[in-house]
Amino acid sequence: MTKFFSLLADGLALGAVYALVALGFVVIFRATGVINFAQGGLVVFGAFLVYQAEQTWGLPFWVSALFAAVCVAAIGAAFEGLVLRRMIGQPIFAIILITIGLFLLVEPITTTIWHNPPGGIETPWGLSRVTIGDVKILQVNIATVVLGAIVMGGFFLLFQYTKVGVGMRATAVDQEAALAQGINVRRIFALSWAIAGVVAVVAGMMLAGGAGPAPGLSVSLAVIALRAFPAIILGGLDSPGGAVVGGLIIGVAEVMTKGYVPDFIPALGPEFGDIVPYLIMLVILLVRPFGLFGTPEVRRV
Amino acid sequence: MAGASRAMIRNYADDLRLFPTAAKRVSLVVLIALYLVIPYLINDEWASVLALAGVVAIGAIGLNLLTGYTGQPSLGMAAFIGLGAFIAGYYGGGRIADGIGYEFNVFVYLFIALVAGGVVGFVIGLPALRLRGNYLVIVTLGLVFVALYVWQKWTTFTGGNEGSPMPIKADISLGFWSIDFLKPTVLGKDLGPKQGLMYLAWGFVIVAALLVKNIVRTRPGRALQAVRDRDVAAEIVGVSLFRYKVGAFVISSAIATFAGVLYGLYLGYLTPDQTSLGLVLSIEFLAVIVVGGIGTIYGSILGAILIGALPKIIEQFVPDNWNLPVLGWPIVTNSAGATGFTKGALSTIIYALLIIVFLVFEPRGLAGIWRRIQAYFKTWPFSY
């Protein structure tokens with residue numbers, strides 16, 4: 001059982017990261033109807049900016065995190081304003097392709113600027129562990145879940161109780177009607193991208209800081225972040241709550257598979273865990289194409 | 001009635017003609033002449049660049065049938081390219097020394113690739129019936145990672161993490177005429193394997209272009225475009241969604257796998273990993289059809305010629321260390337850790353920027369630019 005609980009801790013931490021990335025997808029999807037492939041890129045960029053501020057400039061961890069969050073939010077909003085705004089009215093596929101182009105830019109740019117940094121991000125929690133019974137849990141895992149919960153909580157408060165949040169929900173329902181009510185839809189779009197940038201930084205920073213079974217700071221974080229796609233499909237593209245549930249399920253399933261497959265079916269290899277999210281996604285799509293909590297798509301003729 | 005008036009479109013049959021004008025027929029002859037002559041004239045470096053462009057063009061034509069004409073976005077190209085390449089390794093005698101696989105002629109396993117690609121395409125096409133747009137992109141994204149896992153685990157077929165060589169055995173002998181594409185002899189001159197591959201690849205570009213052109217200009221093609229424009233409406237007027245959506249996946253995947261075989265032969269050796277068969281390869285094919293022009297066949301070919309072989313061009317013709325003139329900023333470097341882009345990074349960045357710039361400023365791609373130039377000269381001197 002010890003193994004089960006330590007895997008569960010890893011899985012929940014990874015799930016919290018997926019949930020954060022997935023939230024970023026959902027915010028942008030609800031506001032603009034675009035699936036943002038670049039989200040994984042923002043995660044990587046955020047992690048490297050934290051590294052830059054903390055390791056190179058010697059700033060404290062939380063200040064670095066704040067710096068990276070501001071930068072990535074600005075990058076997200078700027079990309080929306082400069083590129084995506086010109087694409088309004090174009091086919092969805094073209095807009096997705098543009099975000100894929102942005103995603104493609106991130107890896108070569110980060111490797112060119114930072115190469116392969118030898119160290120990772122030093123979090124306040126380091127490698128210290130908490131022992132509960134026989135189970136040793138990395139503090140950073142607990143911190144990830146807590147931080148994720150705080151960010152998501154703040155997110156729901158923002159959506160539910162602030163004027164901006166109501167504006168975002170209104171825009172998601174009907175852009176033109178929102179515009180007619182005096183909501184600045186353009187600002188909502190830019191804000192959605194900025195929020196997605198902030199949650200991406202939190203996710204990237206915790207991944208690079210050692211949460212879950214992550215490989216530390218490297219550009220392959222983008223591939224990990226792509227696995228948040230199965231999470232949003234599972235939860236439903238337009239449901240923030242679904243993103244959280246989906247992220248946690250996918251994270252736990254992935255880590256459990258990685259942990260138990262070598263014991264039971266060694267032929268599959270530990271890499272099997274990497275594709276489990278996609279396999280779950282395929283099954284879900286065939287059974288419930290709109291996810292567990294998503295709105296069924298109405299096709300008007 | 002003969003002569004110039006033949007160029008006029010008077011009825012639907014005229015509109016459907018494959019080569020409607022004299023100019024088109026002349027340009028066809030010129031293109032075929034170029035196909036025969038160019039490999040004969042150029043050196044090995046350029047032959048290698050153009051051979052890769054030909055391989056990419058075939059794959060891009062297949063992708064364009066699916067994405068451009070049927071409106072089913074797909075990120076799954078890398079999976080099919082991998083399938084084709086490993087078919088080339090397994091059936092081409094790449095690992096015959098280990099007692100694995102077969103040693104067939106290239107034309108045999110090109111056919112195997114068509115069948116295998118079609119079958120896999122059918123399986124992928126089935127879920128695509130229920131999914132559209134956003135969801136399909138994500139499913140095909142998953143396909144890339146699942147395929148990569150399968151290649152790494154299925155060691156009998158792919159050689160696992162060590163990969164597999166892909167040797168070419170490509171000779172045809174028809175009694176009166178024989179040619180070996182590995183070392184073709186044209187007009188008494190012996191050419192190298194790169195030129196041979198160029199003949200092979202561009203020959204199939206012509207075949208694929210004619211095949212897809214014939215599909216899209218006839219009834220199935222109109223059905224595909226109806227599915228793209230509004231699938232519900234298409235179904236109501238009697239287009240079977242099952243038949244045409246799945247059909248488009250089957251044909252497109254078969255062509256992509258076919259291109260994969262040639263890609264394997266071009267590389268000569270392939271290991272299944274993120275860099276060689278990952279998402280970036282799929283995106284490169286999407287970049288080719290976006291830059292060339294979505295929903296046009298000559299656009300796919302133009303795009304493949306201009307940017308399909310971009311990594312190869314950068315690898316061969318950009319110096320290892322290159323600083324910006326005057327300012328002296330290091331742009332290209334080959335040592336890890338130094339300032340400047342590595343060549344791989346440079347070509348990825350160019351692909352990404354091309355996708356963004358073309359989609360924002362010229363969504364119809366090179367084909368759109370070409371069409372505007374044509375229109376300008378057709379209406380000259382009254383062009384606006």
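How many residues does the largest nonpolar core have, and which of them have the most contacts inside it? Before I answer, please note that this is a predicted model, in which local features need pLDDT of at least 70 and side-chain atom pairs count only at pLDDT 80 or more, while totals for chains, interfaces and linings use all residues. Residues are numbered from 1 along each chain as its sequence is written, and chains are lettered from A in the order in which they are written.

The largest nonpolar core has 224 residues, and among those with the most contacts inside it are A:Val17, A:Ala47, B:Ile58 and B:Ala201. Such a core joins buried Ala, Val, Leu, Ile, Met, Phe, Trp, Tyr and Cys residues through C-beta atoms within 7 Å, buried meaning that 20 or more other C-beta atoms lie within 10 Å of a residue's own. Beyond its neighbours within four places in sequence, A:Ala47 is in contact (C-beta atoms, placed from the backbone, within 7 Å) with residues including A:Ile121, A:Met205 and A:Leu221.

Turning to the two chains, their contact takes 36 residues from chain A and 35 from chain B. On the side of chain B that touches chain A, the largest share, 13 residues, comes from helix 6 of chain B.

Helix 4 of chain A contributes A:Ile92, A:Phe93 and A:Ile96, and helix 6 of chain B contributes B:Gly133, B:Asn134 and B:Val137.

Notes. Helices (H or I, at least four residues) and strands (E, at least two) are DSSP runs, numbered from the N terminus. A residue is buried if 20 or more other C-beta atoms lie within 10 Å of its own, exposed if 12 or fewer, and partly exposed in between; C-beta atoms are placed from the backbone.
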